[in-house]
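Let's take a walk through this fold, from the order of its pieces to the way they sit together. Have the 3D view open as you read.

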Amino acid sequence: MDDRQDTRPEIEPCFWDIANLKWPIKGKTKPDLIIFDPPYFKKQSNNYNPDGISGMSKANYLKLLKDFFALAHLNAKKSTQMAFINADWRDFQNTPARNETRTNSILINDYLRILNQSGWQETHIIQAPLSSERFQANVVSAMQKKKIIGVTGRYVIMSKKK
Ligand SMILES: C[S@@+](CC[C@H](N)C(=O)[O-])C[C@H]1O[C@@H](n2cnc3c(N)ncnc32)[C@H](O)[C@@H]1O
């Protein structure tokens with residue numbers, strides 16, 4: 001979705017001010033489809049702006065998502081569908097599965113809870129597998145020894161207004 005003003009002028013750039021979310025579309029037309037693919041929790045925090053979404057605490061990250069869902073709900077019509085893309089975030093780096101805790105993790109039930117609290121009802125939970133290519137043999141071998149469970153997938157949660 002890179003801005004390509006020359007070849008795709010219909011893709012209008014918008015940078016969300018995360019301290020003050022405002023709906024970027026003017027006019028009375030409400031969207032048929034909202035695709036929300038925000039930076040994932042912690043995943044790319046080194047690649048994005050340090051003040052950005054990825055670097056937030058778990059509570060602030062979930063609050064931001066909830067604020068976005070509430071704003072989208074206000075600006076949606078009955079038939080609007082929302083596709084929210086995200087992944088389970090478990091604190092599993094170097095952590096055997098038995099020692100993982102829920103303190104810092106964000107799992108699909110957290111996303112569903114805030115969606116539901118913001119007036120949305122999930123209609124489909126689509127699992128989107130990723131290539132296992134990045135799990136190289138030496139990495140997998142080390143994970144097996146320590147009994148670490150990796151992740152190779154994302155979710156696309158489809159929702160409609162309740
Ligand atoms: C998980 S990626 C989504 C990629 C996108 N679906 C695509 O196909 O290119 C998250 C994107 O959100 C962008 N981003 C981060 N903070 C943003 C903000 N405040 N407003 C708008 N985009 C932001 C990042 O630069 C990154 O490209």
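Starting at the N terminus, the elements of the protein follow the pattern β-α-β-α-β-α-β. That comes to 3 helices and 4 strands, and keep in mind that this is a predicted model.

Now for the sheet. The 4 strands make an open sheet with mixed pairing, in the order β1-β2-β4-β3. β1 and β3 are at the edges and have a single partner strand each, so one side of each is left without a neighbour in the sheet. From one strand to the next, the twist averages 20°.

| Strand | Residues |
|---|---|
| β1 | 33–36 |
| β2 | 81–86 |
| β3 | 120–129 |
| β4 | 153–161 |

What joins β3 to β4? There are 9 bridges between these two strands, which run antiparallel. If you want a spot to look at, find Q121, which stands opposite K160 in β4.

Next, the helix on the sheet. Helix α2, residues 108–117, packs there and touches β2, β3 and β4. The direction of α2 makes about 155° with that of β3.

Stepping back to the whole protein, the C-alpha trace spans about 60 × 40 × 30 Å along its principal axes. How much of the protein is buried? Of the 162 residues, buried ones make up 11%. As for contacts with a separation of 6 or more, 74% are between residues 24 or more positions apart.

Definitions and conventions:
Residues are numbered from 1 along each chain as its sequence is written. This is a predicted model: local features need pLDDT of at least 70, side-chain atom pairs count only at pLDDT 80 or more; totals for chains, interfaces and linings use all residues. Two strands pair if DSSP finds at least two bridges between them. Axes are lines fitted to C-alpha atoms, for helices over the stretch in contact, and angles run from 0 to 180 degrees between N-to-C directions. Two residues are in contact if their C-beta atoms, placed from the backbone, lie within 7 Å. A residue is buried if 20 or more other C-beta atoms lie within 10 Å of its own, exposed if 12 or fewer, and partly exposed in between; C-beta atoms are placed from the backbone.
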